[in-house]
2 protein chains.
Amino acid sequence: MNISHVATRAGLPAKTIRYYEDIGLIKPLRDSNGYRAFRDSDVHKLAFLGRARALGFSIEDCRALLALWEDKARASADVRAIAEDHLKQIKAKIADLQAMQATLANLVDCCAGDNRPDCPILHSLGAGPRP
Amino acid sequence: MNISHVATRAGLPAKTIRYYEDIGLIKPLRDSNGYRAFRDSDVHKLAFLGRARALGFSIEDCRALLALWEDKARASADVRAIAEDHLKQIKAKIADLQAMQATLANLVDCCAGDNRPDCPILHSLGAGPRP
DNA sequence: CCTTGACCTTCCACTCACTGGAACCATCAT
DNA sequence: ATGATGGTTCCAGTGAGTGGAAGGTCAAGG
């Protein structure tokens, strides 16, 4: 299977697939002409990676998850630990963003948004507290 | 005023301050020995930048906001437009993260987390849908 | 006067996960 | 033979800094 076919099937850009080979996440075979020859197992791995990345896992997390996926003697606790840790980081990031959102929404609401120069947004950035 | 003093007053690392000069956000003077000589106005700008960055504005947004801050004939609508756009992006990112959070929390809840290999997290990554 | 230590300077490399583009080879239809 | 459409490699850039090396400057202490 050639790379653009795999790209379609796995839902990843060809560039990304080459990159994943570069960093050792997949190891497709090679045809005699130098083209990558993907097996079904490669496509499955790529689809796995696509889903894991879509859930926000880092590449290194993906590498670990892929290894656990391949390891039939894994302990589900190891998988869960990775997922829980990632979930914690997602929650933290959401909290950060919500704080920004609250502050910003407040400032935007207070700004007239006309052609006069007075602006509570700039006023706050110029003198407000830094959370 | 030397850089480490400014770093303390503005709440930014010295490295970051040098970087901000590099990309043209501030233009401190120079002493005869080559040291940066910061005026109060530089410190105010840096504090402004620190607050804007803490609200998640990109460097380019910060550049625009700083220019508006300096421009006494600005229209507050211009400021508000930048802030509203940024707010929209924050909201989008929160929504993305919340979707991930929901999926992940669900998977984590379903995973036994013991030393058996069965794992709904891996199962979902291996075959689940990609949102 | 000399040294020590704390500053300051520049510059280069690295982060993360790709993405764009150039230059070049392979295959197939016309 | 030519053109279109694949594929390949490698280099450079993204955002917003951060780490570190190599070297200049300054004030205090011996």
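Around DNA strand C of this predicted model lie 16 residues, of which the closest are A:Ser58, A:Ile59, B:Asn2, B:Ser4 and B:Arg36. The elements that contribute two or more residues to this surface are α2 (14–22) of chain A together with α1 (3–10) and α2 (14–22) of chain B, and the largest share, 3 residues, is that of α2(A). Sorted by class, the surface near DNA strand C consists of 6 nonpolar, 6 polar and 4 charged residues.

DNA strand D, for its part, is surrounded by 17 residues, and the closest of these are A:Ser4, A:Arg36, B:Asn33, B:Ser58 and B:Ile59. Two or more residues of the surface near DNA strand D come from each of α1 (3–10) and α2 of chain A and from each of α2 and α4 (59–70) of chain B, while α2(B) gives the most, with 3 residues. The composition by class near DNA strand D is 6 nonpolar, 6 polar and 5 charged residues.

How are the two protein chains related to one another? Chain A is superposed on chain B by a rotation of 180 degrees with 0.0 Å of shift along its axis, and the RMSD of this superposition is 0.1 Å; the relation is therefore that of a two-fold axis. Within chain A, the C-alpha nearest the axis belongs to A:Ile94, at 3.0 Å from it. The same surface serves both copies, in that 100% of the contact residues of chain A recur in chain B.

Helix α5 of chain A, which runs over residues 76–110, comprises 35 residues and reaches 51 Å from its first C-alpha to its last, close to the 51 Å expected at 1.5 Å a residue. The buried residues of α5(A) are A:Ser76, A:Val79, A:Arg80, A:Ile82, A:Ala83, A:His86, A:Leu87, A:Met100, A:Leu104 and A:Leu107. The packing partners of these buried residues belong to both chains, namely α4 (59–70) and α6 (120–127) of chain A as well as α5 (76–110) and α6 (120–127) of chain B.

Is B:Gly24 buried or exposed? Because B:Gly24 has 8 C-beta neighbours inside 10 Å, this residue counts as exposed, the cut-off for that class being 12 or fewer. Although 39 residues separate B:Gly24 from B:Arg63 in sequence, their C-alpha atoms are 8.8 Å apart in space.

Definitions and conventions:
Residues numbered from 1 in each chain as written. Chains lettered and ligands numbered in written order. Predicted model: local features only at pLDDT ≥ 70, side-chain atom pairs only at ≥ 80, totals over all residues. Helix = DSSP H or I, 4+ residues; strand = E, 2+ residues; numbered from the N terminus. Expected span 1.5 Å × (residues − 1). Buried ≥ 20, exposed ≤ 12 C-beta atoms within 10 Å, placed from the backbone. Contact = placed C-beta atoms within 7 Å. Near = placed C-beta within 6 Å. Nonpolar A, V, L, I, M, F, W, Y, C, P; charged D, E, K, R; others polar. Least-squares fit on C-alpha atoms with pLDDT ≥ 70 in both.
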